[in-house]
There are 2 protein chains.
Amino acid sequence: MSLPLSPTERTTVRRGHARAADDREVLHALLDDALVAHLGVVVGGDGDGDGAPYPVVLPVAFAVDLAGPDDGGTLYVHGSVAARWLGRSGGATVCVTLTELDGLVAARSAFHHSMNYRSAVVIGAARVVVDAGEKQHALDLTVDHMVPGRAATLRPSTRKELAATAVLAVPLAEASVKVRAEGPVDDAEDVAAGTWGGVVPLRRVAGAPEHGADSHDRVPEDVRRRAVALGAPADH
Amino acid sequence: MSLPLSPTERTTVRRGHARAADDREVLHALLDDALVAHLGVVVGGDGDGDGAPYPVVLPVAFAVDLAGPDDGGTLYVHGSVAARWLGRSGGATVCVTLTELDGLVAARSAFHHSMNYRSAVVIGAARVVVDAGEKQHALDLTVDHMVPGRAATLRPSTRKELAATAVLAVPLAEASVKVRAEGPVDDAEDVAAGTWGGVVPLRRVAGAPEHGADSHDRVPEDVRRRAVALGAPADH
């Protein structure tokens, strides 16, 4: 069985390769589509009493500023200042992986079973954002990544809220993208044997927005538009 | 802004906590639902010329055997024997994270924006599966995780295919689950100000199975059943 979602490691993540225009285009489209990223950090091993280094992978919301100050543009993730992993990650190399699953590939043999997907692996030195303006900008981008246009409809963050939030910036320069988007690729004998092979396509869809407690008003236009763009019926 | 998908680190991943029956139930349900996992490994730092250790996070297919030989049950991931990261991971601590996104939580402030999701973080020492029987079993489980029942309809893997495939087993004993499944939790002033808050629900749905090249037959019942279970129309 081949690995449905193939391994990438830093040694094969070539900057020159990732900078090819078409790969950058796929990366940027995936950064638009994905809603959750998986952030990998190395914990321990620094004589801080945690023993040998081990990886921790966490799902995080994210935002992107292609005109951001980091090489290749900036990917932002954030968390509470109380989260130990965030403070530890300043200056450290982190990995941010995005994956959108597009289908199950049912091949004629176990070995050739696979998935259709788009993924990106970004590896870079994390920078803790100190500047208050950049921090607010990163948080606005994160809200707008979830619901485009919404940040402008909200009150500004308070100083207390900004102080409680840590933001990490990761350069997008070193990135590797991988896309599989086809039917099963089988051995000729298995095709000849007549076994069925094909794809179960998968996609993410939104339902109609649900009112929170004490929200009796009309769903705002930006939220409605976002839900419809994600596949919700247009008549809610 | 609070971290929508909150950090978990090994120091807070308590075996006793994760072993609470309700958490185990949530973990097992998520292991059933999720189709892709994110595997984190630490690369470098062992004097192998790669410099300081850094994390690499890769999307992988997976399978679970709750009656498997490892503590808490076994999670299997696999890849090509040519993949350097797999060989390196034998005996090393790895992290496998599963995340299913259930909604965008549009709060009344940027700070309280969040997501509804279910996630699990599994940390454990990876074991390279050597036994041919266990390897075949793991690959059958992986096929059946994608399309339940399909492994029994396929020819057995060849010795060459098994030799080309490396399988890692990760114990499920040390796992942390996290679920958010509610509307926005806002400050009273923001609710009083009348800003709309709510949730855009999200789910994954399948389309009708697509025939691969040279598959003109009826879609087999297991594939049809899987697609319908994932939301495809029943009449294809």
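In the predicted model, A:Thr99 has a relative accessible area of 14% and is therefore buried, the cut-off for this class being under 20%. The residue belongs to strand E5 of chain A, which covers residues 93-106.

The surroundings of A:Thr99 include residues of both chains. Leaving aside residues up to four places away in sequence, A:Thr99 touches A:Arg118 and A:Ser119 in chain A, and B:Val36, B:His38 and B:Pro59 in chain B. With B:His38 there is also a polar contact, in which the side chains of A:Thr99 and B:His38 are joined at 2.8 Å.

In chain A, the loop between strand E11 (210-211) and helix H7 (221-229) contains A:Asp214. The phi angle of A:Asp214 is near 65°, a positive value in a residue other than glycine. A:Asp214 has a relative accessible area of 53% and so counts as exposed, since that class begins over 50%.

In chain B, B:Asp214 is placed in the loop that runs between strand E11 (210-211) and helix H7 (221-229) of that chain. Phi is positive for B:Asp214, with a value near 65°, and this residue is likewise not a glycine. The relative accessibility of B:Asp214 is 52%, so B:Asp214 is classed as exposed.

Definitions and conventions:
Residues are numbered from 1 along each chain as its sequence is written. Chains are lettered from A and ligands numbered from 1 in the order in which they are written. This is a predicted model: local features need pLDDT of at least 70, side-chain atom pairs count only at pLDDT 80 or more; totals for chains, interfaces and linings use all residues. Side-chain values use heavy atoms; hydrogens and water are left out. Helices (H or I, at least four residues) and strands (E, at least two) are DSSP runs, numbered from the N terminus. Buried means under 20% relative accessible area, exposed over 50%, partly exposed in between (1.4 Å probe, protein chains only). A polar contact is a pair of N or O atoms within 3.5 Å; within protein, one must be able to donate a hydrogen and the other to accept it, and residues adjacent in sequence count only if both atoms are side-chain atoms. Contact means heavy atoms within 4.5 Å.
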